[in-house]
Amino acid sequence: MSSARTAAAAGNRAPAWARGEITLAHPGATRRAVRHLKRVDPALRRVIERVGGCGLHLRLDGHAFDHVARAIVYQQLSGKAAATIYGRVHALYGDRPPTPAELVATPPAQLRRAGLSRQKAGYLKDLARHAVSGAVPFDTLDALPDDAVIEALTAVRGIGVWTAQMFMMFRLGRLDVLPVLDLGIQKGMRHTYGLRRLPKSAQMERIAAAWRPYRSVACWYLWRCMEIPTP
């Protein structure tokens, strides 16, 4: 989606809360979701009863741009190593997250000295350029439908569909996201439904059809179910 089309789409839509759409920020949203999921899916109901209350929460610290930049830094690294590098990047800017304009102006070599690979330094600078140009309108992403959010974010090098979906779930609070590429959800489905193999995307979509419009909450339970011993 071009920056002009993205801006137009955002300009024509109010934020989800203003349109009356339920998001994770809505009081009682997860309780409503859990009631629905327990009613429509007996297998998932057993998982929910075993796991307990829903712990899916919004991550609202920092700016939306910072959230995506952090996701890039953390890709394919252990949490400890990524946190160290992320802290060194912040140290370049007075121990705070950089603005998009600051990242654009930062020489790649300086980012690499903070511990970033050449590839990730390039990803961060591409993200910053998209933010500065308005191609990714971070201040109005909440006004875009899910497919437009994914299209805008995945136009940035280094951001795939999974990263965009995690942003929608945990930053925008979208309640009906199904990350079919997520290995944890694939394993959770195989475990919950007694499948012989990890499910493919089409099978996951079929299983999750009854969960609408609360597939994000169901996915949180599938992540958690693999951490709890089966009675």
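In this predicted model, histidine 36 counts as buried, its relative accessibility being 13%, which is under the 20% that marks the limit for a buried residue. Histidine 36 belongs to helix H2, and its side chain comes to 3.5 Å from the backbone oxygen of tryptophan 211. When residues up to four places away in sequence are not counted, the residues that histidine 36 touches are Ala210, Trp211, Arg212, Pro213 and Tyr214.

Helix H2 is also among the elements that cover the buried residues of helix H13, and the others include helix H3 (42–51), helix H10 (161–170), helix H11 (183–193) and helix H12 (201–208). Helix H13 spans residues 215–225, and it is largely enclosed by the rest of the structure because 10 of its 11 residues are buried. The buried residues of H13 are Arg215, Ser216, Val217, Ala218, Cys219, Trp220, Tyr221, Leu222, Trp223 and Cys225.

Arginine 215, which lies in helix H13, has a relative accessible area of 8% and is therefore buried, given that the term applies to values under 20%. The side chain of arginine 215 is joined to that of aspartate 176 by a polar contact of 2.9 Å. Apart from its neighbours within four places in sequence, arginine 215 is in contact with Leu175, Asp176, Val177, Leu178, Glu205 and Ala208.

The C-alpha atom of threonine 140 is separated by 10.0 Å from that of alanine 64, although the two residues are 76 residues apart along the chain.

The space left open by the protein was also examined. The largest pocket has a volume of about 660 Å³, and it is lined by 23 residues, of which Arg59, His67, Arg70, Ala71 and Met166 are the closest to its centre. At least two residues of this lining are supplied by each of helix H4 (64–74), H10 and H13, and H4 gives the most, with six residues. By residue class, the lining of the largest pocket divides into 11 nonpolar, five polar and seven charged residues.

How values were computed. Residues numbered from 1 in each chain as written. Predicted model: local features only at pLDDT ≥ 70, side-chain atom pairs only at ≥ 80, totals over all residues. Heavy atoms only, no water. Helix = DSSP H or I, 4+ residues; strand = E, 2+ residues; numbered from the N terminus. Buried < 20%, exposed > 50% of the residue type's maximum accessible area, 1.4 Å probe, protein only. Polar contact = N/O pair within 3.5 Å; in protein donor to acceptor, adjacent residues only side chain to side chain. Contact = heavy atoms within 4.5 Å. 1 Å grid on protein atoms, 1.4 Å probe; cavity = no way out; pocket = protein on both sides within 12 Å on 5 of 7 lines; lining within 4 Å. Points joined across faces, edges and corners; volume = space filled by probe spheres on them. Nonpolar A, V, L, I, M, F, W, Y, C, P; charged D, E, K, R; others polar.
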